[in-house]
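Hello,

Here is the structure you will be working with. Please open it first, then read the notes below.

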Amino acid sequence: MGLYKITKVLMILGVSLKMDENSREIVTNLMISGFNDAVNEAGTKVTGGQSVLNPWVMIGGTAIAQARESEVIMPNYAEEGDILVLTKPIGTQIAVNLMQWYQNSDRYWDKAKEFISEDDCIDANETGVKFMSRLSKNLSLIHI
């Protein structure tokens, strides 16, 4: 949508109950530090969020920006010939779901493995993780 002046970020943190206390503290502190580094690189700061106890580790966030209506590029005004900039490959969420099904030997994996190999599933997930780990800030500046 072309918004690049991020005013704040909310962090969503899942702390794993499956880790021993020492490992949980080390991993959680490193995750928070890395998240803060990326937020600082984006030119803003974490101002709040939510932490939950989970069986798995999780981190994410919500970036909040303020802009005048005239500064927002709405997708419903796209016209033939416009350039569409994707911040991650189409299918990234599907790759993440596939990996979860594969790791859990889920009934969905039983069906999916008819169409995708274990190696391709792992490769797709790794590609998705790489893209989700990068800032999209420079892409948001492309229209300026």
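**Notes on the predicted model**

Serine 105 counts as exposed, because its relative accessibility is 58% and the cut-off for exposed is over 50%. The model is a predicted one. Serine 105 sits in the loop that links helix H2 (92–103) to helix H3 (107–112). Its phi is positive, about 50 degrees, although serine 105 is not a glycine.

Confidence comes next. The protein chain has a mean pLDDT of 86, and 90% of its residues reach 70 or more. Within the chain, helix H1 (residues 21–41) has the highest confidence, at 94. The lowest is found in helix H5 (residues 137–140), with a mean of 63. Where pLDDT is low, the predicted coordinates should not be read in detail.

Then the charged side chains. Side chains of opposite charge can pair when their charged atoms come close. How many salt bridges does a search of the whole structure find? The search finds two.

- Lysine 113 pairs with aspartate 110, and their closest N and O atoms are 3.6 Å apart. Lysine 113 is partly exposed, as its relative accessible area is 46%. Aspartate 110 also counts as partly exposed, at 41% relative accessibility.
- Lysine 111 pairs with glutamate 114, at 3.7 Å from N to O. Lysine 111 has a relative accessible area of 49% and is therefore partly exposed, since exposed requires over 50%. Glutamate 114 has a relative accessible area of 55%, so glutamate 114 is exposed.

Which residues form the negative surface patch? They are Glu118, Asp119, Asp120, Asp123 and Glu126. Two of these can be described further.

- Glutamate 118 lies in helix H4 (residues 118–132). Glutamate 118 counts as partly exposed because its relative accessibility is 44%.
- Aspartate 119 is in helix H4 too. Its relative accessible area is 58%, so aspartate 119 is exposed. Aspartate 119 and tryptophan 101 are 18 residues apart along the chain, and 14 Å separates their C-alpha atoms.

When you look at the model, please find serine 105 in its loop between helix H2 and helix H3. Please keep in mind the mean of 63 for helix H5.

Regards

Methods
Residues numbered from 1 in each chain as written. Predicted model: local features only at pLDDT ≥ 70, side-chain atom pairs only at ≥ 80, totals over all residues. Heavy atoms only, no water. Helix = DSSP H or I, 4+ residues; strand = E, 2+ residues; numbered from the N terminus. Buried < 20%, exposed > 50% of the residue type's maximum accessible area, 1.4 Å probe, protein only. pLDDT = per-residue confidence, 0-100. Patch = residues over 30% accessible without salt bridge, like charges linked within 9 Å, V, L, I, M, F, W, Y side chains within 5 Å. Areas by Shrake-Rupley, 256 points an atom, 1.4 Å probe, with all protein chains shown as cover. Salt bridge = Lys/Arg side-chain N within 4 Å of Asp/Glu carboxyl O. Lys, Arg positive; Asp, Glu negative; His and termini not counted. Charge placed at Lys NZ, Arg CZ, Asp CG, Glu CD.
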